[in-house]
Amino acid sequence: KGELRMQSLTFDDAGMYQCIAENIHGIIYANAELKIVASPPTFEFNPMKKKILAAKGGRVIIECKPKAAPKPKFSWSKGTELLVNGSRIRIWDDGSLEIINVTKLDEGRYTCFAENNRGKANSTGVLEMTEATRITLAPLNVDVTVGENATMQCIASHDPTLDLTFIWSLNGFVIDFEKEHEHYERNVLV
């Protein structure tokens, strides 16, 4: 195949590589530069969110994506408590922290620690719990005669600190009320 494979790269492997292909008709060359990247973890370009919201009883994923080479090892803490994988908490290979069945006790300061052979860094965010959004009155099946009007209702309860948006779709396609204003009408009741 004309393939060159290198394992366990070091800085000495960096440089210009040249492939030469030759047959009875001639010879051709192709060049490529190999750069070796190594850096300690840094959150400068992608810090953790300072405020993370999670719905009560729901699932939240807190991302931890520092720039680092080689890939760092990750650990997490809540306050001063070191977190480990368990029935509700999981640290993913990419560094993200997943919490399921979120409760009020999960609120607090979460810190992601990233470490590789070049150094270490950490970033912190605060998890806050919100009330889960729930449909309290779902649309009902409606039978109408062609040419008549139909009205469907949807009512939801939600955390008062958050905004709520209703999105209607037909057979999986979101209805654009501006483009289809002659056919559909949206009434929002507060």
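## An exposed leucine in a loop

L140 counts as exposed, at 61% relative accessibility, where exposed means over 50% relative accessible area, buried means under 20%, and partly exposed lies in between, with a 1.4 Å probe and protein chains only. The place of L140 is in the loop that runs between β13 (134–137) and β14 (155–157), and strands such as these are DSSP runs of E with at least two residues, while helices are runs of H or I with at least four residues, numbered from the N terminus. In sequence L140 and C154 are 14 residues apart, and their C-alpha atoms are 9.0 Å apart in space.

## What kind of model this is

This is a predicted model, in which local features need pLDDT of at least 70 and side-chain atom pairs count only at pLDDT 80 or more, whereas totals for chains, interfaces and linings use all residues. Residues are numbered from 1 along each chain as its sequence is written, and side-chain values use heavy atoms, with hydrogens and water left out.

## The chain as a whole

The chain contains 0 helices and 16 strands. Its C-alpha atoms fill a box of roughly 80 × 60 × 30 Å along the principal axes. The radius of gyration of the chain is 27 Å, while a compact globule of 190 residues would have one near 16 Å; the radius is taken over C-alpha atoms, and the globule rule is 2.2 Å times the number of residues to the power 0.38.

Of the 190 residues in the chain, 22% are buried. The accessible surface comes to about 15,100 Å², and 52% of this surface belongs to carbon and sulfur atoms, with areas taken from the Shrake-Rupley method with a 1.4 Å probe, where for residues only the protein chains shown count as cover. Among the contacts in the chain with a separation of 6 or more, 52% come from residues 24 or more positions apart, a contact being heavy atoms within 4.5 Å.

## The annotated region

The UniProt record, an unreviewed entry, places the feature "domain: Ig-like" at residues 41–128; such positions are given in the numbering used here, feature names are shortened, and annotations may be inferred rather than shown by experiment.

Strands of a sheet pair through backbone hydrogen bonds, either parallel or antiparallel. In this model, 5 strands form an open sheet with mixed pairing, in the order β4-β12-β11-β7-β8, and two strands count as paired if DSSP finds at least two bridges between them. The edges are taken by β4 (51–55) and β8 (81–83), each of which has a single partner strand, so one side of each is left without a neighbour in the sheet. From one strand to the next the twist averages 35°, where axes are lines fitted to C-alpha atoms, for helices over the stretch in contact, and angles run from 0 to 180 degrees between N-to-C directions.

Within this sheet, β11 and strand β12 (residues 119–130) pair in the antiparallel sense over 9 bridges, and Y110 has G125 in β12 as its bridge partner.

Another open sheet is formed by 3 strands in the order β5-β10-β9, with antiparallel pairing. Here β5 (59–62) and β9 (89–91) stand at the edges with a single partner strand each, so one side of each is left without a neighbour in the sheet. Neighbouring strands of this sheet are turned by 15° against each other on average, direction ignored. The antiparallel pairing of β9 with strand β10 (residues 97–100) runs over 3 bridges, and I91 stands opposite L97 in β10.

Strand β1 (residues 15–23) and strand β2 (residues 26–34) run antiparallel and are joined by 9 bridges, with I28 in β2 as the bridge partner of A21. A hairpin joins β1 to β2 through 2 residues.

## Backbone details in the loops

The peptide bond from A69 to P70 is cis, with omega near 0°, and P70 is found in the loop between β6 (67–69) and β7 (73–78).

N101 is not a glycine, yet it has a positive phi of about 50°; this residue lies in the loop between β10 and β11 (108–116), and N101 is partly exposed, with a relative accessible area of 46%. N171, also not a glycine, has a positive phi of about 50°. The place of N171 is in the loop between β15 (169–170) and β16 (173–174), and at 71% relative accessibility N171 counts as exposed.
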